[in-house]
Amino acid sequence: MATETKKDLLPTPETKPGCSGKFNPYKEVVIMGVSFMLIYCCYGSVVGLQSTINIKGGLGTTSLMVISIISAVSSLTLVPFIIDFLGAKTALMIGEAGSVLFITANFYARWYTLMPAAVIDGFVDGAIWPGSGMYITWLGTKAFRRFKNRHPDKEITKESFLSRYFGYFYTFMFCGDLLTSGLTTLSLMAFTNQGPPAEMSSNQTQPELETMPVNESDAMEQSMFGDISQCGANECQSNFMSANLTDEDLEMYIPSKNSLYLLCGLGMAFGLTAIAIQFFCLPPAPSRYEQERKAKKALKLEYNGATDRHETKLDDGKEENDEENDDNKVANVRKEMRMLLRHFVSPLNLLVIPFLFYCGLYIGFQLTEYPRAFVSCVNGVEQVGIAYVVLSVSGVSTSVLCSQLIPKIGLRRFLIIVFFVHLTIYLVCRFWVPTVDTKWASYVIAVIIGIGGSSIFNTMPLVTNRFFEDSLAAAFGTQNCFMAFGYAFSTGWSLGVCVYAKIYLLLGFLILAFVCLIGAELLRDRKLKQKKEEEEKNDIA
């Protein structure tokens with residue numbers, strides 16, 4: 001789809017444009033960015049609050065773990081088939097429909113409502129990131145070819161072109177995250193202290209107010225839930241797994257029902273709007289096997305000396321029959337399975353996997369540990385929205401910077417910067433001890449976490465394009481698979497491992513990921529050198 005092969009040079013018809021008029025990659029990436037920011041950011045806000053709004057019994061974190069595990073398996077088995085046979089746009093919309101379902105289930109979050117929604121969302125969620133990555137790659141590749149056709153003398157690489165397009169795309173995404181964070185703030189703070197918490201049990205009455213001890217500071221030091229020095233790196237979610245905890249104990253974490261209803265209602269509305277925009281306004285990116293079918297037809301027409309581009313006759317003057325089409329479909333399925341297996345066991349893929357796994361671990365840390373341990377525990381759940389506004393502003397600024405910086409310094413040098421940014425994040429999170437006078441530091445941490453998250457999102461698709469240009473569908477599926485596995489591990493160990501231990505584990509995986517990336521770069525350079533030597537020998541011969 002995104003690779004330049006012989007079939008790309010054939011005179012195939014132009015892709016049908018969407019509601020933006022004449023097909024233009026620059027316009028389409030704007031439409032894609034606007035629609036995606038609506039669905040991702042609403043879904044991200046609900047997901048980012050799971051570890052706190054559904055903290056009782058670990059329901060929220062467990063649902064995220066279920067989504068991640070199923071999504072990982074689906075990404076490696078089902079998603080490449082959906083993309084290569086139905087196209088990136090269709091795959092993207094299927095995944096987004098699952099996100100809307102999960103948001104809807106949070107209106108009445110119980111084990112028997114949220115978990116089935118998580119299972120369904122997990123099966124289709126794996127199509128979102130590969131689908132969006134393939135679609136932006138397709139748009140960026142078309143824009144690159146147009147630019148080279150108009151300016152053949154200008155020196156510019158396809159990688160630098162794609163980095164700009166992914167930078168534009170993720171800038172829109174983080175702008176939507178900023179907008180939704182603002183709405184989250186309003187919905188949480190507008191109904192502060194109005195009515196009982198959302199998770200109040202039906203058979204439990206509101207606990208009576210007890211007389212505060214004389215020495216309030218001593219009481220705060222003795223209370224597991226009141227001493228904020230036990231927040232941050234010292235926080236342990238296992239403390240909240242006890243069945244004896246009351247809703248009063250969890251009041252810092254659970255907002256009112258009205259706040260949740262407003263948040264979920266906005267999420268549903270924005271999600272359905274995003275899917276409608278994509279359905280009506282985005283041109284369908286041709287699937288892999290649709291491209292191959294058109295290329296074969298074009299070759300046959302060229303062989304027969306046909307002058308009519310829309311002629312569909314074959315050599316013998318008969319149209320292709322259904323039996324031949326069925327045989328082609330079976331052959332394509334077998335071909336896809338072989339390609340997936342070859343890609344998965346390739347040494348280059350095995351070296352990139354630790355980086356993808358680490359990206360999932362970090363996203364899990366950003367969406368579970370940060371809002372719970374560094375915001376809700378310190379300042380209360382009502383401040384999560386404000387913290388995410390700060391985080392989103394940081395993410396937008398970083399994404400804009402990425403779109404300009406990566407083409408200038410290259411992906412290799414930028415990855416070095418990413419490594420030291422993430423190292424700084426973990427050192428700050430580990431050694432900051434929250435006190436009454438240093439609560440403001442949780443928003444400083446939001447800034448650096450936003451920088452880390454944005455840099456990860458901007459580099460993942462570029463790493464995939466850099467190493468696996470000839471098998472993008474399988475590569476993007478693998479990317480989402482191991483990112484989801486990393487996210488599943490992050491949410492899974494969140495239930496039993498304290499935050500400081502997770503930080504040390506994340507530091508270890510960070511180092512392992514970048515050591516393996518260095519190995520992948522060396523292997524890629526060796527393959528490119530061998531390919532160049534073979535081409536030179538063929539030219540001499």
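# Notebook: surface patch, disulfides and a buried glutamine

**Surface patch.** L427, F431, Y500 and Y504 form a nonpolar patch on the surface, with about 440 Å² of accessible area together. Two elements give two or more residues each to the patch: α15 (411-431) and α18 (499-540). I note here that the model is predicted.

L427 sits in helix α15. Its relative accessible area is 42%. L427 therefore counts as partly exposed, because that class lies between 20% and 50%.

**Overall picture.** I stepped back to the whole protein. I find 18 helices and zero strands. The protein has 541 residues, and 54% of them count as buried. I also checked how far apart in sequence the contacting residues are. Among contacts with a separation of 6 or more, 85% are between residues 24 or more positions apart. The accessible surface comes to about 24,500 Å². Carbon and sulfur atoms hold 62% of that surface.

**Disulfides.** How many disulfides are there in the model? I count two.

*C231 and C377.* The sulfur atoms of this disulfide are 1.9 Å apart. I read the torsion about the S-S bond as about -70°, so this disulfide is left-handed. C231 lies in the loop between α9 (216-222) and α10 (257-281). C377 lies in helix α13 (residues 347-379). The pair therefore ties together parts that are 146 residues apart in sequence. Are C231 and C377 buried or exposed? C231 is buried, at 1% relative accessible area. C377 is also buried, at 11%.

*C236 and C498.* Here the sulfur atoms are 1.7 Å apart. The torsion about the S-S bond is about 105°, so this disulfide is right-handed. C236 lies in the loop between α9 and α10. C498 lies in the loop between α17 (472-493) and α18. This pair therefore ties together parts that are 262 residues apart in sequence. I looked up the exposure of both cysteines. C236 has a relative accessible area of 12% and is buried. C498 has 18%. C498 still counts as buried, because the cut-off is under 20%.

I noted that the loop between α9 and α10 holds C231 and also C236.

C175 is partly exposed, at 33% relative accessibility. C516 is buried, with a relative accessible area of 15%.

**Q278.** Which side chains does the side chain of Q278 meet in polar contacts? One is S35, at 3.2 Å. Another is E96, at 3.0 Å.

I then listed the contacts of Q278, leaving aside neighbours within four places in sequence. They are S35, F36, K89, L92, M93 and E96. S35 and E96 are in that list, and each also makes a polar contact with the side chain of Q278.

**Recap.** My entries cover a nonpolar surface patch of L427, F431, Y500 and Y504. They cover a left-handed disulfide, C231 and C377, and a right-handed one, C236 and C498.

Key
Residues are numbered from 1 along each chain as its sequence is written. This is a predicted model: local features need pLDDT of at least 70, side-chain atom pairs count only at pLDDT 80 or more; totals for chains, interfaces and linings use all residues. Side-chain values use heavy atoms; hydrogens and water are left out. Patches are made of residues with over 30% relative accessible area and no salt bridge: like charges are joined within 9 Å, nonpolar side chains (Val, Leu, Ile, Met, Phe, Trp, Tyr) within 5 Å. Accessible areas come from the Shrake-Rupley method with a 1.4 Å probe; for residues, only the protein chains shown count as cover. A salt bridge is a side-chain nitrogen of Lys or Arg within 4 Å of a carboxyl oxygen of Asp or Glu. Helices (H or I, at least four residues) and strands (E, at least two) are DSSP runs, numbered from the N terminus. Buried means under 20% relative accessible area, exposed over 50%, partly exposed in between (1.4 Å probe, protein chains only). A disulfide is a pair of cysteine sulfur atoms within 2.5 Å. Contact means heavy atoms within 4.5 Å. A polar contact is a pair of N or O atoms within 3.5 Å; within protein, one must be able to donate a hydrogen and the other to accept it, and residues adjacent in sequence count only if both atoms are side-chain atoms.
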